[in-house]
Amino acid sequence: MKQLGRALAIQLHSGPRRVQLSIHQRLLETPLDQLLTDARTIRDRQFGSRVTYSPKVFIPLTMLCRDKCGYCTFAQPPARLENPYLSADQVLAIAKQGAKSGCHEALFTLGERPELRYDVAAEWLKANGFDSTVHYLHDMAALVLKETGLLPHANAGALYKDELAMLRSVSPSQGMMIESLRDDLDCHRGAPDKVPQRRLDTLEWAGELKIPFTTGILVGIGETREDRINALEAIATSHARHGHVQEVIVQNFLPKPRTGMQHEAPCPQDEYLWSIAAARIILPPSIHLQAPPNLSDDFGILLDAGIDDWGGVSPITADHVNPERPWPALDKLRVVTEARGKALAPRLTIYPEFAINPTVWVDEALHFPIQDRSDAEGLGRDDPGQVWPEKVTAADVVLDGAEVVLIGHRSTQWYSGANNPPPSLIGSQHDGTPFDEVDVDTLRGPIAEILHGVRLGQRINEAEIVTLFSARGKEVRAIARVADDLRKQVVGDAITWVHNRNINYTNVCTFKCKFCGFSKGPLSLNLRGTPYLLTLDDIANRAREAWDLGATEVTLQGGIHPDFDGDYYIDVTRAVKNAVPEMHVHGFTALEVTEGAKRLGEPLYNYIMRLKEAGLASLPGTAAEILDDDIRAILCPDKINTEEWLECHQVAHEAGLRSNITIMFGSVEHPNSWAKHIVRTRALQAQTGGFTEFVGLPFVHMASPIYLQHKSRRGPTFRETLLMHAIVRIAYHGLIDNIQVSWTKIGPIGAAQLLQAGCNDMGGTLMNENISRAAGASHGQGMTEDAFRAITEPIGRSLLQRDTTYGRPDREPAILSS
Ligand code: SF4
């Protein structure tokens, strides 16, 4: 039997009716096993190993409904309800409980237009100032969004276009089941809103309004396989016009007590599996396919039929539509998913394909609330804990550190620079649990294939890097394991550190980097705080103090002061070298160097040689941010571009200076930009060999202007942070040996995990680290050898002091104490 694959599925939508009929026939005639195999193939080709779910809380706004469907236990008569609608306080109380349980979605379920059937509903709405149930739903969704940040999903049934448009401003996605296009089903006799054309009109209007839409079919309510094919084709046809169907739910009928269909047989399992597989084959592959896990005893088989989503899973509320069938616990869902070689990922109510293209698909007012809960792929942030909207006020006392103060509910998820502990992703020895050795060979899917290639010595390309960043669960541990093996092979078990001091000589800057909470000045995004400029004597004194405390390096970085010309950087270098001739001067970003040469009108090579003659020994890799000009246009439009950053480092390498690579990740960009960054810098390293190390700088959002302006995410998740370091270990293998943990942003507990995922260096002691603190980080200001040891000892690794270029320091050991 020839396989029914994607090509045939496409013909189903586009071919002449004669072809369609024959494909219908083949769908109906193909043995179930073959159909399931074809469906899985389509799913795996499109979504790889990923299976999603939405952590959500159910808000049953009203259980009154003007329809009476034969299978429904949700709808209740007024006599059974204390009040026709949940009050605003009740809605908020449920939503807050959801937020505290780590949900991302508030699913509003409700009956359809109860005010048209029950006077009590109409009177309640009127008394509370609403002209319809949909109007009340709009206001409650807005309230939940504002107070909890949970993203509403409005599931209000068959709506008119103006109603869909109204809800679009408060609900990132909406949904309505088509159920069936049969107009003669007994179960729908008392349901005026279940007239097929009403459902199709709603679907169509949602498309015209560019609403990411969830729809689906019910299986086993009296319809035939042909009927299901017709309904799925109608969904596919509407999607072909508008591209708006984000997911299709295939739900099985189960008889419930006290319903019209209580004595009917449940949907047979084979019929259900056939319907799921048929949906996967008929629908465009990009549409996600969902089957609820709580309505099947052995729900793992639903994965065998081609689904890639489990739908909403609530940690706290019952499924109000199927109250007798509670959800499986998340752990069970994960075990079942992973047993089939898949990886589970939480999503938002809006799917990533729509979330990352908000100008088309989302009302402007919702762009930030979505971004605020998103990870880099547009899925839900997956660190455990609560995410509340951040409300800030200006600090009363402004020092060099964070200049805003959080008020209201505190988020408890891990954030770069915050004190919240990270999740244990690799079973770190640091928290006492044994290292979980993942056998890479037991994994399946694209990530497993890439890791297999890495272990055979293959170099990963840009697309493969993007794929690795999609890793979840066991896949993350496998990547960490491979990276850790490479680390051990290349640099052994010692963890290095350098005794250095940061000297941020000025915070006045003419540039307007939108992420920078450090710079002050007339042209910068001025927050609060005091502009300063250290004198050359100040700088020399700080270098002397650092030397006396055992430092071997000073790191010089600062804003681009409007009064500087290029000679300033040469003067600063000389000031340090005159004060402490043995000090390694690690200084000046590619921006400072490029700007210095430009202001003097001097060729870059000449200028760098003059800096070198003055005593400059190496360049930090900062100012790279993300080496993708589309992202730089958002983050730092007036700064050097990708080519200029690379050119500066290339010239520095040619001049005999070493430098490093940094990446600031987790603000507005997606993994494809990370991959570009890694591949571009790797190509330069292959050419010059001048980079000593990679330093990952997770974006610290708290006091960053771009976050305060509601235009960025909250930095990377901890999973993304760990993956960044592990993946670069793999990607740079053979070219760059040292991968550094930025403890100022990651904190000691996170650092311990990264050191078991490919990292081998703790960076510097960084006395007086101001830049991270100015962005809101809590870990800045300084580290000691003892503090480093407190991180490395529990994971059984030795600590070794190094100099800037990874040699042994040629002076007496540090005299720091904790
Ligand atoms: S990141 Fe650097 S160049 Fe950009 S505004 Fe801040 S201090 Fe200035």
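**Entry 1: the whole protein.** Helices in these notes are DSSP runs of H or I with at least four residues and strands are runs of E with at least two, both numbered from the N terminus. By this count I find 30 helices and 21 strands in the protein. This is a predicted model, in which local features need pLDDT of at least 70 and side-chain atom pairs pLDDT 80 or more, while totals for chains, interfaces and linings use all residues. Residues are numbered from 1 along each chain as its sequence is written, and side-chain values use heavy atoms, with hydrogens and water left out.

I looked up burial next, where buried means under 20% relative accessible area, exposed over 50% and partly exposed in between (1.4 Å probe, protein chains only). Of the 818 residues in the protein, 62% are buried. For contacts (heavy atoms within 4.5 Å), I noted that 77% of those between residues at least 6 apart in sequence join residues at least 24 apart.

**Entry 2: Asp383.** I found Asp383 in the loop between helix H15, residues 364–373, and strand S10, residues 391–394. Asp383 counts as buried because its relative accessibility is 4%. Leaving aside neighbours within four places in sequence, I list Gln413, Trp414, Pro423, Thr717, Phe718 and Arg719 as the residues in contact with Asp383. From Asp383 to Arg719 there are 336 residues in sequence, yet their C-alpha atoms are 7.5 Å apart in space.

I then turned to polar contacts, which are pairs of N or O atoms within 3.5 Å; within protein one atom must be able to donate a hydrogen and the other to accept it, and residues adjacent in sequence count only if both atoms are side-chain atoms. The side chain of Asp383 reaches the backbone nitrogen of Phe718 in this way, at 2.9 Å.

**Entry 3: His244.** Which helix and strand lie on either side of the loop that holds His244? They are helix H9, residues 225–242, and strand S6, residues 245–252. I record His244 as buried because its relative accessible area is 0%. Not counting residues up to four places away in sequence, His244 touches Leu203, Ala206, Gly207, Ile211, Pro212, Phe213, Ser238, His239, Phe354 and Trp361.

**Entry 4: two positive phi values.** I noted Lys210, which is not a glycine but has a positive phi of about 55 degrees. Lys210 lies in the loop between H8 and strand S5, residues 213–219, and counts as partly exposed because its relative accessibility is 30%. Glu179 is another residue other than glycine with a positive phi, near 70 degrees. I place Glu179 in the loop between strand S4, residues 173–175, and helix H8, residues 196–208. Is Glu179 buried or exposed? At 8% relative accessibility, Glu179 counts as buried.

**Entry 5: strand S9.** I looked at both faces of strand S9, residues 343–346, and found them covered, with Ala343 and Ala345 buried on one side and Leu344 and Pro346 buried on the other. Two strands pair if DSSP finds at least two bridges between them; strand S1, residues 50–62, pairs with S9 in the parallel sense over 4 bridges. I noted Leu344 of S9 as the bridge partner of Val51.

**Entry 6: helix H21 and Leu600.** Why is H21 described as largely enclosed by the rest of the structure? I count it as enclosed because 8 of its 11 residues are buried. The buried residues of H21 are Ala590, Leu591, Glu592, Val593, Thr594, Glu595, Gly596 and Ala597. I find that their cover includes strand S14 (553–557), helix H20 (566–579), helix H22 (604–614), strand S16 (616–619) and helix H24 (642–654).

Leu600 belongs to H21, residues 590–600, but I record Leu600 as partly exposed because its relative accessible area is 28%. Not counting residues up to four places away in sequence, Leu600 touches Asp565, Gly566, Asp567, Tyr607 and Arg610. Asp565 is 35 residues from Leu600 along the chain, and their C-alpha atoms are separated by 6.5 Å. After H21 comes Gly601, for which I noted a positive phi near 65 degrees.
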